[in-house]
Amino acid sequence: MDDNDAIIKIDNTLSLPLYKQIVASVHDAITSGVLKNGDMLPSVNSTAAAHSLARGSIFKAYNELKTAGIIDSTPGKGYFVTSTNVQAKKNIFLLLSTFNPYREVLYNAFIGQIKNQATVDLYFHHHNISVFETLVQNHAAYYNTFVIMPEINKKTEGILKQLDPKKLYILDSGLDEFGNIYPSVCQNYEKDISDILKLHFEQLKKYKRMILLFPDNIKTEGVVNGFTAVFKKTNFPAMVIRDTANYEPQQFDCCIVMDDIDLVRLMRTARKNKWKLGSDIGILSYNETPLKSIIADGITTITTDFEQMGRSMADMIIKNKPKRIENPFLMIDRKSF
């Protein structure tokens, strides 16, 4: 094994710029002890020959390391390590799908746990794969840590390959697609809803039928799969309603409500008919927000623990201990169920 094999690692399947891969290789070699203070780096010519690289990419990488004070050079001799302090402050690219009350809880928990140990810039892709791709492409070279709530799309895997996998973390969604490839804190949508319904199945029996209101703007199909699997094994009437705007509630329905617009519509109907929440009609609202604890004397929610999700992701980054975590899911039982 020559010096280039031991120090410079190039993966041509990544879309990460080659010079950034060289910079990362030198950082990794210093961190692992392969390179020590005063050690010479592989020469530009030998690196170019070993990896079929343009000399310009290597010069760009070495100049970036030189500017950072990690290496220096002597004419006629080459580049050598001058500092082993490569643990730069985390500069985090945080990409969420949208911003809503429960994502605000997640974000505040994440920021609160990070405190002054990193800088965080927040972006949104709004479930638009083109926006997702553009944001990742435009910022890949400017951050050393990427926390991404992925858009589930056939193009997403290729887009994520533009990033160094050692610096990429998956948040909230994409457990099946990416959660076992990269460090992650994700929801297991199918298992979460299934476990909650099984746990509280006896309580459901005071209602006549179970309704999942699942409009087209909701992307987490695992919820539908988990819901369907539970009731497929019973004689209890249950259905998934996707045209939620035209759903007409019946007395003694119990509804899992994914969208807050449908929640408002359902509560208006209950008020109009003078139905008592928790007996004449049951409501389980998906995703906890502070407001749901006080409206109508409290709405029962089934929810991932967004505070825990934010804290878990921050801890993973701060401690540099990659894990794959399925975030806790729970029911907050109030008067609507």
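Helices and strands here are DSSP runs, numbered from the N terminus. By that scheme, the loop between β4 (118–124) and α6 (129–139) holds histidine 127. The model is predicted.

**Helix α2 against helix α4**
- Helix α2 covers residues 18–32 and helix α4 covers residues 55–67.
- Their axes come within 8 Å and cross at roughly 45°.
- Angles under 35 degrees count as roughly parallel and 65 to 115 as roughly perpendicular. α2 and α4 are therefore oblique to each other.
- The crossing of α2 past α4 is right-handed.
- On the α2 side, the contact uses Leu18, Tyr19, Lys20, Ile22, Val23, Val26 and His27. On the α4 side are Ser57, Ile58, Lys60, Ala61, Tyr62, Glu64 and Leu65.
- This contact has nine nonpolar, two polar and three charged residues.

**Helix α2 on its own**
- α2 has 15 residues, so at 1.5 Å a residue it should span 21 Å. Its end C-alpha atoms are 21 Å apart, which agrees.
- Its buried residues are Tyr19, Lys20, Gln21, Ile22, Val23, Ala24, Ser25, Val26, Ala29 and Ile30.
- An α-helix has 3.6 residues a turn, so residues three or four places apart point the same way.

**Helix α9 against helix α11**
- Helix α9 covers residues 189–199, and helix α11 covers residues 221–232.
- The two axes come within 7 Å, crossing at roughly 35°.
- α9 passes α11 in a right-handed crossing.
- From α9, the contact takes in Tyr189, Glu190, Ile193, Ser194, Leu197 and Lys198. From α11, the partners are Gly222, Val223, Asn225, Gly226, Phe227, Val230 and Phe231.
- Sorted by class, the α9 contact with α11 has seven nonpolar, four polar and two charged residues.

- Most residues other than glycine have a negative phi.
- Histidine 127 has a positive phi, near 60°. Its relative accessibility is 33%, so histidine 127 counts as partly exposed.
- Lysine 274 also has a positive phi near 60°. Lysine 274 sits in the loop between α12 (260–273) and β11 (282–286).
- At 75% relative accessibility, lysine 274 counts as exposed, because the cut-off for exposed is over 50%.

Terms used. Residues numbered from 1 in each chain as written. Predicted model: local features only at pLDDT ≥ 70, side-chain atom pairs only at ≥ 80, totals over all residues. Heavy atoms only, no water. Axes fitted to C-alpha atoms, helices over the stretch in contact; angles between N-to-C directions. Helix = DSSP H or I, 4+ residues; strand = E, 2+ residues; numbered from the N terminus. Parallel < 35°, antiparallel > 145°, perpendicular 65-115°, else oblique. Left-handed = near helix turned anticlockwise from the far one by under 90°. Contact = heavy atoms within 4.5 Å. Nonpolar A, V, L, I, M, F, W, Y, C, P; charged D, E, K, R; others polar. Expected span 1.5 Å × (residues − 1). Buried < 20%, exposed > 50% of the residue type's maximum accessible area, 1.4 Å probe, protein only.
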